[in-house]
Amino acid sequence: MHDVTYLRPTDLKDAVRLYRSTPECRPLAGGTDLMVMLHAGTFRPAPRAVLDVWSIPELKGVRRTQGMLEIGAAESYTGMIRSRDAHEHAPALVAAARTIGAAQIQNRGTLGGNLANASPAGDTLPVLLAYDAVVVTDRRAIPIDQFFTGYRRTALQPDELIVAVRIPLGRHVAFRKVGTRAAQAISKVVMAVSRSPARVAIGSVAEVPLRAARAEAALARNDAAGAVGAVADDIRPINDVRSTAAYRRAVTQNVLRELLHAPPRP
Amino acid sequence: MSSTTPQPAVGRSVPRREGADKVAGRTRYTDDIAVQGAWYGKTVRSTLPKGRVRSIALDPAFDWGRVVVVTADDIPGENVVHLIRDDQPVLAPNEGEIRHREEPILLLAAPDRALLDDAAHHIRIEYETAEPVYTLDQATEVFSTIEIRKGEVPEDVEDVEAVVERTFQVGLQEQLYIEPQGAIAIPEPDGAIKVIGSLQCPYYVHRALKRALNLTDEQAIVVQAETGGGFGGKEEYPSIVAIHAALLARKAGRPVRLIYDRHEDLAATTKRHPGVIRHRTGVKKDGTLLFQDIEIVLDGGAYCTLTPVVFSRAAIHAAGAYSCPNVRIQARAAATNTPPNGAFRGFGAPQSLFAAELMVEHVAERLGMSSVDLRRKWMLRVGDTTATGQKLTESVGSELVLDAALKAASTVQPSNRPTVRRGRGLSLVFHGSGFTGSGEKKLQGTIALEALPDGTFRILTASTEIGQGTKTIFCQLAADALGVGLDQVVLAPQDTSLVPDSGPTVASRTAMIVGRLVQDAATALKQRLKREAPPLRVEKAYIQPDSVHWDETTYRGDAYPVYAWACTIVDVDVDTTTGEVHVTDLVTAVDCGKALHPVMAEGQIEGGSLQAVGWATIEEIKVKDGGYQNDRLATYLIPTALDAPRIRTILVENPYSRGPFGAKGIGELPMDGPAPAIIAAIHDATGVWLDEIPATPEKVLAALNGTRETGNGKQS
């Protein structure tokens, strides 16, 4: 074990400056992933410094701006659950936030953290994909479908900080998470679906949260049954401690059928 | 003493003795107890499932000046964890055999945790590997076997109108007490060692410490700290933690705290025995039960631990709560290279009753009969004999609980969600209260009761409070038998230097067996107080009634003093999209003899029922390369409040003459009934039989899709 430098910037400008000038530094928001990994020694390489962004005012809040819903990167799930704007404009995101961990985790976990951690099982990530969200950083805007580049890898530069997430208004997205139990479970399959435009986004079925291209193509033709059939070829599920590839494949199709109100299999 | 008779305490839900401290956060569990100068301890375990230790080397470049290292060479007594068989070493010695991948090899202590972790990284253990055995199919080493015979089970079944055969499987389960295992060892003057720990059975730990550390009765002092749950998981395992802590403390010459974190606790400690149970049942077309032929194979894991007694209880309960003229039960427990399995609430009975209850369903389906009618036809009643030939003479609540549960259950309404199918299942079980066979006779559990000069009374017993209410009900029993107020009775700490050995807190025996000793001691003390003045002390030891007979060699006779009975009705929603099973309602009627404390009795039953719901549905441990994959709370999932059914408990009071105020033991009973009822309910909802638990969504969905053959019935 070695010492870790703890940095606590007071505003975004300060945070960006510190983050760019400190080597081997990781941002710390609610700590719900990072602290667990540091404790278990599974964060490799171990960071030399952490940048606590939890209290930075520019990274907080849920608001409407430029015809979009903007959620601060360090806003907690509880903050989203309590936001009237989030309920009105991104109810699927609120639904996803409610399924994450226990109340304590919801009080600390953040959207920026879920994105940066980039777990294929991140519960908000398919929702963000289905909404065509935009990840706003200290230097640019990254469309969400370009954000996940590999298993727990993102398009972020090493010194790039997530500032906010923007979600276009007026889209209807349906959401369902399948876990082992009704609460406090990591998803086996998590899905968010929009009919128009056609978006089928799924977590826990590949090395990244993904958009199901074949299913979306069928859905764009208004062929719901075709989408249900095609989605099996879009995903790359594996056997792991939580479930099996066969189960994930079957449930992905079943959940998509349910979310699309598609007719049952002949 | 006041001349007015105080209000009786028994039967009233009085405040629990330790309840206020627990609720207010004042209770100090083992890890909360600060001990001046204590170091931290750590167990270094094997990383391979089978083999031999070739060498243990400490990195010479590391500064070992402030680290204590204990190996098998540092054990002053025998290198044995004392229990039933002397097969489990305290630490694997050099050249010693490794039988599972969590085998303790050496121990470390250091003044701070960072140094401790650092030291652990500077130890090199070389092994010689051997071929491990993980499954019962491959297992060749048998811990023990039992055969129970009643009448004659025919090999040739020509005269029998229907024979149903079925094979059932049950999985591993973790007790998941809230507080992980832990102990603090403190060296005392004159070579004594005091161990404070989270444990169920102070005298088990006492005996184990004496043997491994070569201590006298007085030199080994075991104190139970307030304990955050046990469920059997703190029956035998704390002996290992205590010996390890004591060895470190002895060598360090200072107190050492050895507290497991959840990961180590899940990975290394004992689980419920998984197993395979085969039934062959012969009946007439009218449902008359002709014979039951049952084979049980349980996986004991790497060491014997309590396996022979666990599977003895499994075997005795295997025929279910039914009267059958011809029974053959063949049971064996086999060894595998997985961490040892051990005690867990129900102690083998949930496994065998799961199979027995589902057999009733399968036979009923085969005959086109209602399974409730079949149970009524088969159930044990007063005067009937069990599989071991025990004639039931009193407090047989089978019909009472069946009627009570049926009366309480509402009608099933279909689900309004098109993808959800709803169903109902029922089970009827019994559970022997107290030790099996001659266990109580051999143990002669002893308690003491003192009348003190200040007018108060003190109960001295080694029976522990593990959340189930021991502290409260013992005081209730003593107060009423003495005819004094509840506030005049106190309980001595569970400290082996103070209290006699009233036996382990296991086997649904504490309220019924030890509680009766408390009642009898109080009655005797009351008599003496008419002639003598305090201080006075009365001791009571268990005496087996002459009418009880048990033959351990033939497994014939009175297997248990009495049985508690339960009928459980569950309603489930099966989601056909995901295969998820949600138990929505659970009604359970329990013949407890007498509810000494109704709220705590209901609490026991609700908690046990939910533990059984978890075992039946989502609690799964996958074994990979001899280790548990579900070794964290993120992967070993138990039901949350949102997963819990609405539970309604009906307490049926059907007194037992030798129980305290008529009470029978019910600690384990609620673990028995829900699992088979849930499987029956899934069948009712979907038409699919699963003969295997946990009925995970993966298995249910596969069965619904017919993608895997889960039915395995061979019908003749």
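This is a predicted model: local features need pLDDT of at least 70, side-chain atom pairs count only at pLDDT 80 or more; totals for chains, interfaces and linings use all residues.
In which hand does α11(B) pass α12(B) at their crossing?

**View 1. Packing of helices α11 and α12 of chain B.** α11(B) passes α12(B) in a right-handed crossing. The axes of α11 (residues 470-482) and α12 (residues 510-529) come within 8 Å and cross at roughly 30°. Angles under 35 degrees count as roughly parallel, and α11(B) and α12(B) are therefore roughly parallel to each other. On α11(B), the contact is made by B:T470, B:I473, B:F474, B:L477, B:A478, B:A481 and B:L482. The contributors from α12(B) include B:G515, B:V518, B:A522 and B:L525. By class, the residues of this helix contact comprise ten nonpolar, five polar and one charged.

**View 2. Contact between domain 1 and domain 3 of chain B.** The domain assignment places domain 1 at 19-29 + 439-541 and domain 3 at 275-436 + 553-715 of chain B. Their centres, taken over C-alpha atoms, are separated by 33 Å. Here 19 residues of domain 1 are in contact with 21 residues of domain 3. On the domain 1 side, α10 (439-443), α11 and α12 of chain B each give two or more residues. α12(B) gives the most, with six residues. This side has eight nonpolar, eight polar and three charged residues.

**View 3. Contact between chain A and chain B.** The contact takes 19 residues from chain A and 20 residues from chain B. On the chain B side, α2 (113-120) and α15 (697-705) each supply at least two residues. α15(B) gives the most to this side, with four residues. The chain B side divides into eight nonpolar, eight polar and four charged residues.

Conventions. Residues are numbered from 1 along each chain as its sequence is written. Chains are lettered from A and ligands numbered from 1 in the order in which they are written. Two residues are in contact if their C-beta atoms, placed from the backbone, lie within 7 Å. Ala, Val, Leu, Ile, Met, Phe, Trp, Tyr, Cys and Pro count as nonpolar, Asp, Glu, Lys and Arg as charged, and the others, Gly among them, as polar. Axes are lines fitted to C-alpha atoms, for helices over the stretch in contact, and angles run from 0 to 180 degrees between N-to-C directions. Angles under 35 degrees count as roughly parallel, over 145 as roughly antiparallel, 65 to 115 as roughly perpendicular and the rest as oblique. A crossing is left-handed if the near helix is turned anticlockwise from the far one by less than a right angle, and right-handed if clockwise. Domain bounds come from an automatic or database domain assignment.
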